[in-house]
Amino acid sequence: MNDAAIGWAGLGLSLILVGVAVGLSLWQGLRLEKDMLWATGRALVQLLAVGYVLLFIVDPDTSILWAWAWVVLMVLVASFTARRRAPEVPGIMGLTLGATSASAALSLFVVFGLGIYPVVGRTVVPIAGMMIGNSIGSIVVASRRILGELADRRPEVEARLALGQPWQQASKPFVRSALRTALTSQIENTKAVGLVFLPGAMTGLILAGADPVDAVLVQAAIMYLILGCVATNVVLIGLGLTRRLFTPDHRLVRLARTGS
Amino acid sequence: MAAAPEPGPPLFELAGVSLRLGDHTVLDHIDLTVAGRGITVVVGPSGAGKSMLLRLLNRLEVPSEGEIRFRGRPLDTLDPLALRRQVGMVFQRPAPFPGTVRDNLAVADPDPKGGDDDYLAALRSADLGPDFLDRSADELSGGESQRMCLARTLVTNPSALLMDEPTAALDRDARLRLERTARILADAGRPLVWVTHDLDQAERLADETVVLVAGRVAEGGTRERFLAGEVRE
């Protein structure tokens with residue numbers, strides 16, 4: 001066993017911290033104990049399942065096609081997740097499918113096409129997972145904001161349309177504001193990295209015994225990839241969703257917005 | 001309703017026009033001719049479908065059935081953007097854009113042929129002085145803001161105007177002032193369709209009156225009863 005492996009005993013000991021959280025919940029009457037225990041158990045089962053599948057995928061004898069199949073599955077799951085989190089957004093699933101596919105293709109081309117990493121299961125799955133996983137939140141924020149902005153600012157949008165502006169122009173100030181909001185948190189995360197928190201990949205590599213500077217280089221590359229992927233996703237969702245919210249003859253469709 | 005002979009085709013002709021939103025019929029088989037000059041007032045109680053009728057004319061809505069013609073040409077054969085610049089629309093609540101009055105007018109035309117003179121002419125037509133050009137649009141009173149929206153519409157040099165209860169949020173003085181402006185614009189050759197639920201205002205403004213009740217053009221007794229103030233909300 002290497003220094004990074006904690007074993008089942010280490011995992012069991014780390015449950016002490018879950019016990020602390022449960023104890024605090026009981027003490028404060030938060031009634032979150034069941035949720036915490038369920039989440040803890042579920043996370044363990046999910047991660048173990050993924051771990052065993054990864055064992056198969058990273059095996060040098062396994063075809064790389066399995067890794068790509070997993071990437072496709074991740075894109076599909078991301079689309080379902082976006083629909084579950086923003087059901088009020090029309091066509092969110094198809095839009096997310098298109099946007100994440102396009103941005104994943106672009107990002108993976110940069111990573112693997114330019115030779116930053118070799119194309120093997122050990123690199124394809126985790127890198128694609130980080131890029132796609134980080135994009136979901138931004139996609140949901142961007143799409144909900146666009147819908148909200150256009151619903152709330154309908155009088156202004158229609159005043160612009162009534163002046164003869166095409167929908168692309170009439171919606172621009174509102175879509176731009178929504179996209180800025182969706183991207184800002186990722187930009188802030190990128191700025192704060194290293195100062196406020198040590199991100200996961202870097203922490204994992206250091207715990208696994210890698211040279212900290214090597215770990216930093218890997219992490220920086222991943223942060224840039226995530227930023228590029230998130231930005232691509234958000235802009236694609238912005239273009240696709242806005243197009244859906246207007247008719248070809250430049251009318252804003254009726255928007256059923258929840259919570260407004 | 002159209003009485004006097006018109007020079008050229010009417011401004012709008014509606015034949016069997018209905019508008020349904022989901023299960024709700026907003027307008028039901030409207031047959032209507034809007035005169036090519038003067039002020040046509042569409043009057044009716046709240047919820048009668050007056051605003052939707054106006055939105056149809058600007059193609060912010062499309063009819064579920066029937067046909068609308070603009071100066072003799074079917075509306076659905078016209079470029080909607082060009083139509084909207086020909087048929088300017090002023091909404092019930094002013095919707096100023098961020099920035100100055102000049103910024104607002106620039107949304108309608110960022111590069112007018114006559115430069116600032118075109119903006120000043122639009123302001124003058126909307127009864128606003130030249131000093132308004134560089135004022136912040138957020139700081140205008142309700143009446144001034146509505147006039148600025150009218151000026152913004154006039155920058156596109158529309159040949160007709162649609163005004164959707166433009167005085168609903170204004171005090172009496174501002175209301176009368178905007179009515180005077182509308183009359184001047186109409187007399188200068190821009191036919192105008194004005195929507196209101198206010199019978200007194202309809203009486204002051206109308207060259208022609210269309211009464212709309214429950215999504216239908218009211219004729220005969222219903223029309224007379226509404227105009228006599230016997231039918232309310």
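In which segment of chain A does His250(A) lie?

A: Happy to look at this with you, keeping in mind that the model is predicted. His250(A) sits in the segment that follows helix H9 (212-245) of chain A. Its backbone deserves a glance: phi is positive, about 60°, although His250(A) is not a glycine.

Let us move on to Asp249(A) and to the partner chain. The side chain of Asp249(A) meets that of Arg59(B) in a salt bridge, with 3.3 Å from N to O. Across the interface of chain A and chain B, the rule finds 3 salt bridges. The count of residue pairs in polar contact across this interface is 6, with both residues at pLDDT 80 or more.

Now for the interface as a whole. Chain A brings 16 residues to the contact and chain B brings 23 residues. Between the two chains, about 1700 Å² is buried, and carbon and sulfur atoms give 58% of that area. On the chain A side, Leu163(A), Arg251(A) and Arg254(A) supply 35% of the area that chain A buries against chain B, more than any other three residues.

Taken along the principal axes, the C-alpha atoms of chain A fill a box of roughly 70 × 55 × 35 Å. Among contacts between residues at least 6 apart in sequence, 68% join residues at least 24 apart. Chain A exposes about 14400 Å², with carbon and sulfur atoms supplying 68% of this area.

Part of the chain A surface is a nonpolar patch, formed by Leu13(A), Ile16(A), Leu17(A), Val20(A), Leu24(A) and Trp27(A), which together have about 700 Å² of accessible area. One of these, Leu17(A), lies in helix H1 (residues 7-28). Leu17(A) is classed as exposed because its relative accessible area is 63%, where exposed means over 50%.

The place of His29(B) is in strand E2 (residues 24-34) of chain B, whereas His250(A) lies in the segment after helix H9.

Gln146(B) lies in helix H5 (residues 142-155), and its relative accessible area of 1% is why it is called buried. Leaving aside neighbours within four places in sequence, Gln146(B) is in contact with Val90(B), Phe91(B), Gln92(B), Pro94(B), Pro166(B), Leu170(B) and Leu178(B).

Terms used
Residues are numbered from 1 along each chain as its sequence is written. Chains are lettered from A and ligands numbered from 1 in the order in which they are written. Side-chain values use heavy atoms; hydrogens and water are left out. Patches are made of residues with over 30% relative accessible area and no salt bridge: like charges are joined within 9 Å, nonpolar side chains (Val, Leu, Ile, Met, Phe, Trp, Tyr) within 5 Å. Accessible areas come from the Shrake-Rupley method with a 1.4 Å probe; for residues, only the protein chains shown count as cover. A salt bridge is a side-chain nitrogen of Lys or Arg within 4 Å of a carboxyl oxygen of Asp or Glu. Helices (H or I, at least four residues) and strands (E, at least two) are DSSP runs, numbered from the N terminus. Buried means under 20% relative accessible area, exposed over 50%, partly exposed in between (1.4 Å probe, protein chains only). Contact means heavy atoms within 4.5 Å. Buried area is the accessible area (1.4 Å probe) that two parts lose on being put together, summed over both. A polar contact is a pair of N or O atoms within 3.5 Å; within protein, one must be able to donate a hydrogen and the other to accept it, and residues adjacent in sequence count only if both atoms are side-chain atoms.
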